[in-house]
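Subject: A structure for you to look through

Hi there,

Here is the structure I promised to pass on to you. Have a look at it first, and then read my notes below.

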Amino acid sequence: MVTLNISESEQADRFRELQLTLRDRWKTIELFDNSDADILVVPSLSLDQGELQKIEGCEHYEERLLFSLMRLRNPRTRLIYITSMPLHPSIIDYYLQLLPGIPFSHARNRLLLLSTYDSSLKPLSQKILERPRLLERIREALRLEKSFMICYNSTSWEGELSLKLGVPLYAAAPNLQIWGSKSGSREIFAESKVPLPDGSALVWSSTDLAESAANLWERQPNLERMVVKLNEGISGEGNALLDLRAIAEFAPPESSHADRVAAISDRFSSLRFQAKKETWENFKTRITELGAIVEAFVEGEIKRSPSVQGRITPNGDVEILSTHDQILGGPDGQIYLGCRFPADEAYRLQLQQLGIKVGRKLAEKGALERFGVDFIAVDKGDNQWDIQAIEINLRKGGTTHPFMTLKLLTNGRYDLSTGLFYSQQGRPKYYMATDNLQKDRYQGLLPNDLMDIIAHHRLHFDSGTEIGTVFHLMGCLSQFGKLGLTCIGDSPQQAEEIYNKVVKVLDEETRSNKNDFSSFSDYAFATTWDGYSF
């Protein structure tokens with residue numbers, strides 16, 4: 001590891017000073033995006049690698065920030081995109097050919113692709129820091145006075161890389177990432193006076209976890225289930241469900257506190273884990289490494305998981321960017337699979353208001369750039385919804401790239417008064433997106449094969465009508481049979497029809513392949529979205 005040989009406090013001060021230079025260039029997001037700038041994209045998934053490995057094809061998730069290439073629509077923007085391993089040329093060509101009004105060759109000349117040629121299970125930022133010659137090449141390619149760096153999430157690796165290069169990082173400082181953890185999220189919600197489920201503080205052992213669960217149960221004797229969450233879990237993969245109904249006979253209401261703790265401890269080995277192949281022995285170890293909380297499971301016959309996305313500018317202003325209804329799957333509907341934009345009109349304006357509260361509190365803490373807040377919404381009848389906040393994401397999550405894809409392709413605007421996105425022609429736009437269209441039968445398809453299918457069946461996004469599909473995670477396809485889609489239409493129904501057409505075509509093109517299972521479509525339309533309307 002490369003070190004700076006300065007104290008942590010000195011490093012933090014230097015980081016803040018460098019980041020403050022962003023304020024001098026910041027007016028509005030539109031002017032910032034269209035200025036003469038060099039953008040360094042480091043899509044490092046600087047997360048706990050044990051948790052990250054629970055996501056199939058995670059080694060290709062560095063591709064999720066490829067929507068950034070669409071910033072080359074500005075003829076004065078230059079962009080450097082770094083990956084662990086080289087990207088397939090046809091994937092890069094695909095994104096550049098989406099740019100409206102920009103010659104392909106002009107955009108390509110302003111794009112520098114670099115790779116560490118290192119497929120090891122380490123964060124990309126760490127790999128870059130371990131390669132002094134690569135660092136020097138990056139530095140030489142940038143106009144430092146016009147450069148800024150964006151990333152997937154901000155940790156000490158990204159902070160150190162920012163300082164080594166002398167390039168300000170447009171993201172929350174590494175020491176503020178606690179507010180994106182499960183326990184930190186709960187603190188922000190409480191301080192912001194945003195409704196949240198009852199739960200515990202952070203604990204570091206299964207013994208303390210059982211104690212916290214017993215305390216929660218005693219506060220809410222009618223509680224049926226609890227969620228145990230690793231403090232740094234990803235996309236719901238670090239969650240487990242504790243069913244209190246199975247313990248009640250061993251710990252009736254008259255039981256002592258000690259008996260409740262013992263009954264819960266005995267039940268830990270039978271937790272319903274959301275991640276595939278998770279075991280209690282491994283999960284228990286993870287608690288000591290990452291910490292965990294326990295939280296009341298929100299029950300409800302009709303229940304959804306909406307989210308709001310916002311941004312904190314270098315000037316401290318809070319902007320709402322979008323709302324979504326998330327599509328969840330897994331054993332108990334806790335795994336993120338995809339999303340619909342926008343969220344239901346019954347509550348999307350309320351989501352915006354709650355998002356502003358959370359954003360202002362994060363801004364007080366010194367946070368910067370993107371944040372997302374996930375909620376649980378339960379239908380109470382008469383178009384009334386009980387909404388409770390469950391998590392903050394201080395990173396570019398699963399709803400980031402589809403919305404930014406829409407915005408950068410259409411150059412449209414988000415309207416706070418309606419919660420809708422309008423193209424430059426004034427048409428509202430809708431989409432359905434996923435990172436998780438996954439079927440065994442798709443395995444073996446190369447990026448070039450996918451391009452052939454897209455072209456033959458005209459599945460691509462049409463910049464004239466601003467309707468169609470933008471594909472991502474194409475590097476996952478051959479090995480994992482996994483693909484990402486953002487299906488854009490002029491109505492929710494049209495976006496869904498476009499999605500269904502893509503799946504139908506891919507199924508027909510791979511009919512002779514293996515038996516399949518779709519982890520996205522089966523959940524999304526067979527069960528979750530029946531009767532849904534905007």
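In general, the strands of a sheet pair through backbone hydrogen bonds, either parallel or antiparallel. Please also keep in mind that this is a predicted model.

Strand 5 and strand 6 (residues 239-243) are antiparallel and share 5 bridges, and Met 226 stands opposite Leu 242 in strand 6. Strand 5 is also joined to strand 8 (residues 292-296) by 5 bridges, again antiparallel; there, Val 227 has Glu 295 as its bridge partner.

Are the residues of strand 5 buried or exposed? The strand is mostly covered, with 6 of its 6 residues buried. Arg 225, Val 227 and Lys 229 lie on one side, Met 226, Val 228 and Leu 230 on the other, and all are buried, which leaves both faces covered.

Another open sheet of 4 strands has the order 3-2-1-4, and here the pairing is parallel. Its edge strands are strand 3 (111-115) and strand 4 (147-151), each of which pairs on one side only. On average, neighbouring strands of this sheet are turned by 20° against each other, direction ignored.

Strand 1 (residues 38-42) and strand 2 (residues 78-83) run parallel and are joined by 4 bridges. If you click on Val 41, you can look for its bridge partner in strand 2, Tyr 81. Helix 7 (residues 132-141) lies across strand 1, strand 2 and strand 3, and runs at about 170° to strand 3.

**The nonpolar cores**

Which residues touch the most other members of the largest nonpolar core? They are Leu 362 and Phe 471, in a core of 126 residues. Helix 17 (residues 492-509) gives the most to this core, with 6 residues. Apart from this core lies another, of 29 residues, among them Ala 213, Leu 216, Leu 271 and Phe 273. Leaving out residues up to four places away in sequence, Leu 362 touches Trp 179, Ile 188, Ile 312, Ala 367, Phe 371, Ile 392 and Leu 394.

**The cysteines**

A disulfide is a covalent bond between the sulfur atoms of two cysteines. The cut-off used here is a sulfur pair within 2.5 Å, and by that rule the count is 0 disulfides. Take Cys 339: its closest cysteine sulfur, in Cys 487, is 11 Å away, so the two are too far apart for a bond. Cys 339 is buried, with a relative accessible area of 0%, and Cys 487 is buried with a relative accessible area of 0%.

**An annotated stretch**

Finally, an unreviewed UniProt entry lists residues 449-501 as "domain: PGM1 C-terminal". In the model, residues 449-501 are 42% helix and 25% strand, with the end C-alpha atoms 18 Å apart.

Enjoy exploring!

How values were computed:
Residues numbered from 1 in each chain as written. Predicted model: local features only at pLDDT ≥ 70, side-chain atom pairs only at ≥ 80, totals over all residues. Heavy atoms only, no water. Buried < 20%, exposed > 50% of the residue type's maximum accessible area, 1.4 Å probe, protein only. Helix = DSSP H or I, 4+ residues; strand = E, 2+ residues; numbered from the N terminus. Pairing = 2+ DSSP bridges. UniProt positions renumbered as here; feature names shortened; annotations may be inferred. Core = buried A, V, L, I, M, F, W, Y, C linked by side-chain atoms within 4.5 Å. Contact = heavy atoms within 4.5 Å. Axes fitted to C-alpha atoms, helices over the stretch in contact; angles between N-to-C directions.
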